[in-house]
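Open the model in your viewer and keep the selection tool at hand. We will go stop by stop.

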Amino acid sequence: MAKRNAENISIGDALKEFIGANRLEKGLDIVNAKEAWNTVMGVAISKYTTDIKLDRDTLYVQLSSSVLREELSYGKEKIIKLLNEELGKELINKLILR
């Protein structure tokens with residue numbers, strides 16, 4: 001069992017400490033990347049998104065529309081920038097549209 005801290009800390013700090021101690025950051029990054037995609041791209045594009053996978057610094061997005069995939073491929077750099085801004089850190093360096 002973990003040692004208890006004597007001082008009072010905020011819930012946010014306690015959660016950060018718990019996440020760091022239990023190495024949960026990677027799993028949370030995957031969930032946050034999926035949420036960021038849906039937030040940044042909006043409902044219209046989310047309807048055509050069938051799967052999202054984060055592997056290291058690459059985000060793989062499966063789309064059901066080849067026309068939409070081609071259209072989004074022209075703005076990959078901007079999409080990456082918007083996603084990283086939404087996430088609050090440089091998590092994604094490469095975007096693969098399938």
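Which residues is leucine 95 in contact with, leaving aside its neighbours within four places in sequence? Select leucine 95 and look around it. Its contacts of that kind are Trp37, Leu59, Val61, Lys76, Ile79 and Ile80. Contact here means heavy atoms within 4.5 Å.

Before the next stop, some ground rules. This is a predicted model, in which local features need pLDDT of at least 70 and side-chain atom pairs count only at pLDDT 80 or more, while totals for chains, interfaces and linings use all residues. Residues are numbered from 1 along each chain as its sequence is written, and side-chain values use heavy atoms, with hydrogens and water left out.

**Stop 1: the core**

Select Trp37, Leu59, Leu72, Ile92 and Leu95. They have the most contacts inside the largest nonpolar core, which has 20 residues. A nonpolar core is a set of buried Ala, Val, Leu, Ile, Met, Phe, Trp, Tyr and Cys residues joined through side-chain atoms within 4.5 Å. Buried means under 20% relative accessible area, exposed means over 50%, and partly exposed lies in between (1.4 Å probe, protein chains only).

Now colour the elements that build this core. At least two core residues come from each of helix H2 (25–47), strand S1 (49–55), strand S2 (58–63), helix H3 (66–73), helix H4 (76–87) and strand S3 (94–97). H2 gives the most, with five residues. Helices (H or I, at least four residues) and strands (E, at least two) are DSSP runs, numbered from the N terminus. In soluble globular proteins, nonpolar side chains tend to be buried together.

**Stop 2: helix H2**

Where is the kink in H2 centred? Go to methionine 41: the kink there is about 110°. The bend at a residue is the angle between axes fitted to the seven residues ending there and the seven starting there.

Next, check the ends. H2 spans only 28 Å between its end C-alpha atoms, whereas a straight helix of 23 residues would span 33 Å at 1.5 Å a residue. The expected span is 1.5 Å times one less than the number of residues.

Show the side chains of Asp29, Ala33, Ala36, Trp37, Met41 and Ile45. These are the buried residues of H2, and they pack against S1, S2, H3, H4 and S3. Beyond its neighbours within four places in sequence, aspartate 29 is in contact with Leu54, Lys89 and Leu91.

**Stop 3: the sheet**

Select S1, S2 and S3. They form an open sheet of three strands in the order S1-S2-S3, with mixed pairing. S1 and S3 stand at the edges with a single partner strand each, so one side of each has no neighbour in the sheet. Two strands pair if DSSP finds at least two bridges between them.

S1 and S2 run antiparallel, joined by six bridges. Find leucine 54: its bridge partner in S2 is leucine 59. Threonine 49 stands opposite leucine 63 in S2. S2 and S3 run parallel, joined by four bridges. Threonine 58 has lysine 94 in S3 as its bridge partner.

Now look at the two faces of S3. Leu95 and Leu97 are on the covered face, Lys94 and Ile96 on the uncovered one.

**Stop 4: two loops**

Is arginine 56 buried or exposed? Select arginine 56, in the loop between S1 and S2. Arginine 56 is exposed, at 74% relative accessible area. Its phi is positive, near 55°. Most residues other than glycine have a negative phi.

Finish at serine 65, in the loop between S2 and H3. Serine 65 counts as buried, at 17% relative accessibility.
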